[in-house]
Amino acid sequence: MTAIQRNNTINLARLQSVIALVVLCTIIAILSDKFLTMDNGWNVLRQIAVNICISVGMTLIVLTAGIDLSVGSILALCGAITAGLLKNGIKLPSADLFIGFTLLGALLGGIIVGSLLGWFNGFVITKFKVPPFVGTLAMLTIARGLTMLWTQGHPISNLGPSFATIGTGWLLGIPVPVWIAGIVVLLAVFITRQTRLGRYIYAIGGNENAAILSGININKVKLIVYSIAGALAAVGGIMVTSRLDSAQPNAGTGYELDAIAAVVIGGTSLSGGKGSIGGTVMGAVIIGVLNNGLVLLNVSPFWQQVVKGAVILIAVIIDKGGNKK
Amino acid sequence: MKRSLPIFITLLSLLFVFTQCKQQKAKNGKKKMAVVVSTLNNPWFVFLAETAAAKATALGYDAKIFDSQNNTATEGDNFDNIIVAGYDAILFNSTDANGSVANVMKAKRAGIPVFCMDREINSTNAATSQILSDSYSGAVAIGVNFTQQLHKKGNYVELLGLVGDNNTWARSKGFHSVTDNYPDLKMVAQQSADFDRNKAMEVMESILQAHPDIDAVFCGNDGMAMGAYQALVAAGKATKVKVFGFDGAEDVITAIKENKVYATGMQFPKVMAETAARFADEYVKGRRDFPQKIPVAVELVTPKNINDYIAYGKK
């Protein structure tokens with residue numbers, strides 16, 4: 001396959017998901033005059049910001065032929081940790097010790113815990129050769145349990161106006177969560193396209209043995225990728241917590257599936273090596289538009305799940321058509 | 001891999017020793033009560049379970065909480081373990097009115113009394129006694145107040161809980177048994193937000209795009225009421241739209257005091273949990289004549305009587 005041909009195929013695949021999105025938007029716009037408004041546009045973007053953060057991390061992992069089922073739980077734990085640090089600090093009555101946290105300290109605390117848990121995922125996967133599906137499945141349970149321990153099963157609420165800005169504020173006419181998601185996407189695009197790390201990620205997913213033989217330290221790359229995904233889940237957790245002004249112990253349940261759906265709709269191959277951040281963003285937008293549209297049209301909650309599943313299926317089938325050689 | 005096996009076993013043993021530390025203190029001769037709760041993923045049920053366990057401990061029992069994770073099969077496993085471990089009584093919050101009957105019968109056959117809290121099971125000869133929250137009547141009371149507040153006309157939105165949950169429909173039906181009698185009271189949207197605060201905020205944001213001119217929102221629990229309220233704040237409509245919840249959770253009680261949320265249906269998890277624990281204690285000490293069902297009324301909490309209430313109960 002020549003370089004030109006490959007370019008054409010990729011463009012065609014990208015075009016397919018754009019077409020799917022346009023068709024979807026057209027249908028909803030015809031049925032509801034409230035859909036194509038500025039307000040609703042921001043609304044959809046703000047709602048998908050969290051999924052975009054998680055999905056970007058998931059894309060990097062899937063490109064290495066891995067998967068991360070723990071992002072929803074890590075999201076909940078890190079959101080709760082940030083909220084807890086901000087509100088209560090750390091108290092050790094036995095040592096008569098109290099550490100208070102500033103907003104920045106609490107945010108860093110959450111993100112550091114997220115990247116450490118992600119790193120631990122990577123460690124288990126590379127060191128003990130545990131399949132990613134199993135290793136991160138274990139982390140899904142562990143992180144959820146840690147969230148329960150940290151919160152004692154109760155939400156942590158009333159976190160103050162400056163923290164609320166992260167999820168609900170506006171900057172230069174654009175919602176803050178959209179800024180955050182935008183920056184995350186740009187950084188990820190830069191990493192995958194312009195850096196050595198990006199090329200290694202594709203190489204590992206394309207053919208792991210070939211990557212090892214060509215001297216790539218695949219364990220190091222995987223550790224980095226899983227840590228990034230953990231940190232991004234933490235960022236998502238902070239946004240969810242800030243939006244609600246409350247860290248919910250059961251936040252993020254099932255988010256891993258939304259993220260995987262966005263990745264798959266975006267045309268990234270679950271066997272690794274093929275796909276792009278741009279595609280995932282398209283996937284997340286399609287899911288967001290669908291969630292928004294079904295509610296705007298007041299579709300029965302019973303039918304919504306059927307429709308969502310069907311649209312995922314159709315988007316992937318169309319995409320497969322575009323990828324045919 | 002072979003070399004890591006001893007490490008693995010050591011770590012595993014350490015983990016068990018570590019988590020068992022607390023239980024080690026208990027003396028062997030003590031009687032034991034099990035608290036089986038439908039889920040620990042919701043603060044309301046955490047409160048119910050913790051209160052039951054605390055009451056049992058105060059009465060001199062070893063108490064342990066079992067989480068059924070909203071899954072009747074997991075609940076069955078919990079019951080099996082409890083029967084094998086020889087507990088003296090079970091304080092029980094069921095996952096499903098019909099599905100849980102078999103589990104309770106299992107305990108009954110093993111000679112362990114079961115006391116249901118909050119949620120009913122559809123059998124009158126399985127549990128020793130059922131101390132139940134009357135969701136339907138509570139929702140009727142909310143419906144009446146809702147209709148009055150809206151002067152029998154206006155547009156409203158309903159946020160349902162998990163569509164597969166009994167309580168979702170008990171509350172929705174109770175509410176509609178009142179509001180559906182008023183043709184000028186129009187429900188412009190009915191959507192599910194899974195009892196989840198975040199989902200409720202997102203769903204409400206979208207609904208507000210389609211129906212910017214609503215007068216009130218009825219939510220199947222307090223978590224969703226807080227989520228809906230936050231969406232209204234973001235849209236600048238919080239003062240115009242009245243929010244109604246259900247549960248009596250901490251956030252909403254505070255919000256009613258601050259005139260943010262309008263009303264909620266107060267359930268009494270503390271009363272139910274402590275009654276169940278007390279009954280179980282009496283059973284162990286020989287009492288057998290328990291009423292099959294004790295309904296615990298759900299009380300309407302509004303700005304008028306908010307000062308009589310605290311989270312999950314009365315002052």
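Which residues are buried in H10(B)? That is my starting point today. Please keep in mind that we are looking at a predicted model.

Helix H10 of chain B covers residues 269-284, which makes 16 residues. From its first C-alpha to its last it reaches 23 Å, close to the 22 Å expected at 1.5 Å a residue. The buried residues are Pro269(B), Met272(B), Ala273(B), Thr275(B), Ala276(B), Ala277(B), Phe279(B), Ala280(B), Asp281(B) and Tyr283(B). What do they pack against? The partners in chain B are strand E1 (32-37), helix H2 (43-58), strand E3 (89-92), E4, E5 and E11. Just past the end of H10(B) comes Gly286(B), with a positive phi of about 120°.

One of those partners deserves a slide of its own, and that is E5(B). This strand runs over residues 129-133, and five of the five are buried, so the rest of the structure largely encloses it. Take the two faces in turn. On one side sit Ser129(B), Ile131(B) and Ser133(B); on the other, Gln130(B) and Leu132(B); all are buried, and both faces are covered.

Which strands are joined to E5(B)? Strand E4, residues 114-118 of chain B, runs parallel to E5(B) and is joined to it by four bridges. Within that pairing, Ser129(B) has Phe115(B) opposite. Strand E11, residues 293-296 of chain B, is also parallel to E5(B), again with four bridges. There, Gln130(B) has Lys293(B) as its bridge partner.

A word on the annotation. In an unreviewed entry, UniProt lists residues 34-287 of chain B as "domain: Periplasmic binding protein". In the model that stretch is 47% helix and 19% strand, and its end C-alpha atoms are 19 Å apart.

Now chain A. For this chain, an unreviewed UniProt entry lists several spans as "transmembrane region", among them 69-86, 132-150 and 277-296. Residues 69-86 of chain A are 89% helix and 0% strand, with 28 Å between the end C-alpha atoms. For residues 277-296 of chain A the figures are 100% helix and 0% strand, with the end C-alpha atoms 28 Å apart.

Helix H12 of chain A is made of residues 277-296. Its 20 residues reach 28 Å, close to the 28 Å expected at 1.5 Å a residue. Is it enclosed or open? 18 of the 20 residues of H12(A) are buried, so the helix is largely enclosed by the rest of the structure. At its start, a side-chain oxygen of Ser276(A) comes to within 3.1 Å of the backbone nitrogen of Gly279(A). After the helix comes Asn298(A), whose phi is positive, near 55°.

A polar atom of its side chain lies 2.7 Å from the backbone oxygen of Pro132(A). The backbone nitrogen of Leu69(A) is 3.1 Å from a polar atom of the Thr136(A) side chain. Beyond its neighbours within four places in sequence, Thr136(A) contacts residues including Asp68(A), Asn121(A) and Tyr226(A).

Last, the two chains together. How many residues does each chain bring to the contact? Chain A gives 33 residues and chain B gives 30 residues. Between them about 2700 Å² is buried, and carbon and sulfur atoms give 50% of that. Of the area that chain A buries against chain B, 21% comes from Arg243(A), Leu244(A) and Val295(A), more than from any other three residues.

Conventions:
Residues numbered from 1 in each chain as written. Chains lettered and ligands numbered in written order. Predicted model: local features only at pLDDT ≥ 70, side-chain atom pairs only at ≥ 80, totals over all residues. Heavy atoms only, no water. Helix = DSSP H or I, 4+ residues; strand = E, 2+ residues; numbered from the N terminus. Expected span 1.5 Å × (residues − 1). Buried < 20%, exposed > 50% of the residue type's maximum accessible area, 1.4 Å probe, protein only. Polar contact = N/O pair within 3.5 Å; in protein donor to acceptor, adjacent residues only side chain to side chain. Pairing = 2+ DSSP bridges. UniProt positions renumbered as here; feature names shortened; annotations may be inferred. Contact = heavy atoms within 4.5 Å. Buried area = accessible area lost by both parts, 1.4 Å probe.
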